[in-house]
Amino acid sequence: MEERETPATDAAGGRKDEEPLLSRPALPAPASGPEEEAEDCGGLWELPVELSARRPECGRCGRPEKVCLCPFLPVHPLKVSTCLYIIQHPAEESRVLRTVPLLAACLPEEKCKVLIGRRFSEDRYPELASVCRNKNTLVLYPGAGAANLEEVDLSSPDPYVIIIIDGTWSQAKDIFFKNTLFRIPKQVQLRTSLSSQYVIRTQPTNACLSTLECAAISLAIMEKNDGIKETVLRPLQALCSFQLQHGAQVHHSKEHLLKNGLYDKPMPKNKRKLRRMELLVNNVKI
């Protein structure tokens with residue numbers, strides 16, 4: 001019986017929709033196994049791993065020894081009656097360009113105490129709780145209910161204590177409002193036209209200061225000695241100058257970038273954050 005061609009077959013009996021065997025693309029080669037990969041590496045896996053050693057650090061300023069800032073620190077710790085309690089967010093401890101070690105190096109050890117953490121309860125920090133209940137303790141945090149430090153009565157013969165929170169503004173806000181201990185002391189703020197000299201780190205506004213700068217100005221007010229401010233700021237100025245000479249860029253505040261159309265990051269989608277940025281542009285205090 002004669003075989004007829006159908007739409008799906010050709011005269012040779014094959015499928016019309018099939019390509020000739022020679023024109024088909026070659027199949028990918030099977031993946032090599034672990035043994036073949038090891039051979040391809042040519043023994044690289046057997047090379048010894050070199051551990052990177054941390055650069056030796058100065059015991060006083062905390063900087064690497066090659067870029068030590070001790071020549072810009074006071075020869076002897078400053079004599080002050082005011083004691084500083086620095087409440088440091090854990091994230092600040094790992095930052096390379098920190099200012100708190102420079103601040104601590106300017107003062108006697110017993111006059112600058114650093115506590116690291118996010119939550120401070122009375123049970124875990126009884127000494128801090130006692131300090132917060134001292135009538136001569138002040139907490140430096142700006143706000144509507146804060147008094148200007150320059151206008152506070154400092155006539156008490158007993159020494160004063162200032163609590164300063166070290167961290168980004170969002171971190172400081174979290175620590176201040178979620179720890180009831182820090183709302184016991186009198187809340188104060190700085191009224192100053194000084195722009196931050198910490199130009200290698202971006203600040204939210206032109207009026208925002210680093211922890212070291214806040215401490216320097218506060219101590220100058222408390223001790224009635226402007227020379228303290230100049231002495232404490234000197235290592236910060238040296239740090240920024242060194243970084244700028246070695247490739248760092250000047251960081252303008254977010255407020256400056258927004259007002260001058262230089263802010264090159266995507267605008268936040270969060271309405272609250274977007275509103276805060278609008279307030280920065282319109283000179284509204286936030």
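Reply: A residue is called buried when its relative accessible area is under 20%. Keep in mind that this is a predicted model.

Me: Why is phenylalanine 120 called buried?

Reply: The relative accessible area of phenylalanine 120 is 4%. The cut-off is under 20%, so phenylalanine 120 counts as buried.

Me: What makes phenylalanine 182 buried or exposed?

Reply: Phenylalanine 182 has 0% relative accessibility, so it counts as buried.

Me: Why is the pair of phenylalanine 120 and phenylalanine 182 called tilted?

Reply: Ring centres must lie within 6.5 Å to pair, and these two are 5.8 Å apart. Planes under 30 degrees apart count as stacked and over 60 as edge-to-face, with the rest tilted. The planes of phenylalanine 120 and phenylalanine 182 are at 55°, so the pair is tilted. The pair links distant parts of the chain, 62 residues apart: phenylalanine 120 is in the loop between S2 and helix H4, and phenylalanine 182 is in the loop between H5 and S6. Ring pairs also join Phe120 and Phe182 with Tyr125 in a cluster.

Me: What makes the pair of tyrosine 141 and phenylalanine 176 stacked or tilted?

Reply: Their ring centres are 4.2 Å apart and their planes are at 10°, so the pair is stacked. Tyrosine 141 lies in the loop between S3 and S4, and phenylalanine 176 lies in helix H5, 35 residues away. Tyrosine 141 is buried at 9% relative accessible area, and phenylalanine 176 is buried at 3%.

Me: How do you know that S1 and S5 pair?

Reply: Pairing takes at least two bridges. S1 and S5 have 6 bridges and pair in the parallel sense. In S5, isoleucine 162 is the bridge partner of leucine 84. S3 and S5 also pair in the parallel sense, over 4 bridges.

Me: Why are S2 and S4 said to stand at the edges?

Reply: The open sheet has 6 strands in the order S2-S1-S5-S3-S6-S4. Strands S2 and S4 each have a single partner strand, so one side of each is left without a neighbour in the sheet. For S2, 5 bridges join it to S1.

Me: Why is S5 called largely enclosed?

Reply: In S5, 6 of the 6 residues are buried, so the strand is largely enclosed by the rest of the structure. Val161, Ile163 and Ile165 point one way, while Ile162, Ile164 and Asp166 point the other way.

Definitions and conventions: Residues are numbered from 1 along each chain as its sequence is written. This is a predicted model: local features need pLDDT of at least 70, side-chain atom pairs count only at pLDDT 80 or more; totals for chains, interfaces and linings use all residues. Side-chain values use heavy atoms; hydrogens and water are left out. Helices (H or I, at least four residues) and strands (E, at least two) are DSSP runs, numbered from the N terminus. Buried means under 20% relative accessible area, exposed over 50%, partly exposed in between (1.4 Å probe, protein chains only). Rings of Phe, Tyr and Trp (its six-membered ring) pair if their centres lie within 6.5 Å; planes under 30 degrees apart count as stacked, over 60 as edge-to-face and the rest as tilted.
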